[in-house]
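I opened this notebook to keep track of what I looked up in the model, entry by entry.

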Amino acid sequence: MKTRAALFRSAGLPLEVVELDLAEPGPADVLVRMAAVGICGTDLHQIKGEWQRPTPMVLGHEGAGVVERVGAEVTGVRPGDEVVLSWAPSCGACADCARGRPAACVPLHRAIGAGTLVDGTTGMSLDGETVFRGTATGAWTERLVVSERVALPTRGAVPLEQAALLGCAALTGVGAVLFAARAGAGATVLVVGAGGVGQFVVQGARIVGAREVVCVDPVEARRETALGLGATHVAPPEEAKALLRRVAPDGVDYAFDAVGDPETTALALRFVRSGGTCVVVGLPAAGARLDLDPAEFNRREKFLTGTMYGSEDPAVALPLLLEHVRAGRLDLASLVGPSYPLERVNEAIEASLAGSPGRVLVRP
Ligand SMILES: [Zn+2]
Ligand SMILES: [Zn+2]
């Protein structure tokens with residue numbers, strides 16, 4: 001089977017739209033016609049050369065589409081069903097998988113590092129040469145074969161361009177508040193970074209009934225968006241200290257670093273109250289290291305933790321998020337940014353790198 005896909009060969013080179021060979025779906029697989037795929041920080045790390053992964057590779061892992069065909073053993077979805085892809089096609093057998101945490105699966109992370117699925121294959125090739133899959137997915141393509149387990153039905157609850165956002169940014173950002181921090185009503189919250197994921201952290205804080213939600217980001221348009229989504233206060237980084245001194249003089253209960261840079265993590269941790277929790281949500285560049293003052297942990301008893309993909313099984317979290325969307329508590333529409341057809345994928349990447357306030361989408 002053939003599919004047109006955007007191929008990443010090396011940092012600094014534009015992506016190239018080519019026709020790939022796609023292996024037929026196995027008995028437990030589904031063939032998905034991709035409709036919308038977001039550009040996530042993980043894709044940008046590779047495009048900027050901050051992470052080394054095998055190439056040529058099809059990037060993109062935050063996607064939604066329509067099931068075209070299903071393998072003989074598939075029971076969860078049917079042709080015509082709209083689905084969100086989970087980027088965690090885990091092994092299903094390890095301790096992390098058994099406790100319902102597919103995104104923590106070690107074989108999965110090994111496979112992501114190797115640019116393959118857990119079984120070592122990719123099911124994609126170009127002139128007989130293996131094409132690797134970004135984040136065990138590789139969704140900047142017209143058609144994609146995935147395991148039934150990661151094709152999560154939306155039951156038409158949201159338009160596909162909004163559904164795409166659920167595939168990574170929304171599950172990660174909202175999950176960071178609901179499942180990783182387990183923040184409750186009345187909490188004071190700091191969100192560092194108002195990109196795709198940060199905006200969902202802000203919404204997660206609003207959903208749990210946080211009393212104050214302070215959002216810090218250098219881009220004014222992003223701060224404006226955050227205000228519309230539930231932030232009670234916003235500031236550029238240089239004004240964060242003065243604002244927080246006023247809003248949460250003893251520090252916040254929860255601080256979320258939605259950027260993942262050692263500097264933003266340090267900033268988030270600094271403004272946590274004694275005994276409060278800092279959650280690292282964004283993913284750092286390879287080799288990044290934190291330089292921390294131990295007094296934050298002994299004298300001030302702070303907690304520093306992190307989250308991967310919202311710390312919940314996507315198959316469990318997605319229906320919950322869809323319920324929040326249906327009830328009007330979770331806004332996806334405001335965060336859908338500009339869309340580009342597959343042929344203009346490089347323009348899409350530029351828009352994302354330029355800090356578009358909404359999620360930039362590739363529409364294969
Ligand atoms: Zn992502
Ligand atoms: Zn596993």
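**Entry 1: a proline in a loop**

I looked up Pro-357 and found it buried, with 20 other C-beta atoms within 10 Å; by the convention used here, a residue is buried if 20 or more other C-beta atoms, placed from the backbone, lie within 10 Å of its own, exposed if 12 or fewer, and partly exposed in between. I note that this is a predicted model, in which local features need pLDDT of at least 70 and side-chain atom pairs count only at pLDDT 80 or more, while totals for chains, interfaces and linings use all residues. Residues are numbered from 1 along each chain as its sequence is written, and chains are lettered from A and ligands numbered from 1 in the order in which they are written.

Pro-357 sits in the loop between α10 (345–353) and β19 (359–363), where helices (H or I, at least four residues) and strands (E, at least two) are DSSP runs numbered from the N terminus. Apart from neighbours within four places in sequence, Pro-357 has contacts with Ala-221, Arg-222, Thr-225 and Gly-337, a contact being two C-beta atoms, placed from the backbone, within 7 Å.

**Entry 2: backbone exceptions**

I kept in mind that most residues other than glycine have a negative phi, and that most peptide bonds are trans. I then noted a cis peptide bond between Thr-55 and Pro-56, with omega about -5°; Pro-56 belongs to the loop between α1 and β4 (57–58). Ala-136 has a positive phi, near 55°, and lies in the loop between β9 (132–133) and β10 (143–147), where it counts as buried with 26 C-beta neighbours inside 10 Å. Ser-311 also has a phi near 55°; its loop runs between β17 (303–306) and α9 (314–326), and with 22 C-beta neighbours inside 10 Å Ser-311 counts as buried.

**Entry 3: a sheet**

I traced an open, antiparallel sheet of four strands in the order β1-β2-β7-β8, two strands being paired if DSSP finds at least two bridges between them. Its edge strands are β1 (2–7) and β8 (129–130), each pairing on one side only. Two bridges join β7 (residues 124–126) to β8, and Leu-126 stands opposite Glu-129 in β8.

**Entry 4: domains and core**

The domain assignment, which is automatic or taken from a database, gives domain 1 (2–158 + 332–363) and domain 2 (173–309). Their centres, taken over C-alpha atoms, are 28 Å apart, and the contact takes 16 residues from domain 1 and 15 residues from domain 2. On the domain 1 side, helix α1 (residues 41–47) gives the largest share, three residues.

I next asked which residues of the largest nonpolar core touch the most other members. Of its 119 residues, they are Val-189, Val-191, Val-201, Ala-255 and Phe-256; such a core is a set of buried Ala, Val, Leu, Ile, Met, Phe, Trp, Tyr and Cys residues joined through C-beta atoms within 7 Å. Helix α4 (residues 160–181) gives the most to this core, with 15 residues.

**Entry 5: the whole chain**

I recorded ten helices and 19 strands for the chain. The radius of gyration is 20 Å, close to the 21 Å that the globule rule gives for 364 residues, so the chain is as compact as a globular protein of that length; the radius is taken over C-alpha atoms, and the rule is 2.2 Å times the number of residues to the power 0.38. Buried residues make up 53% of the chain.
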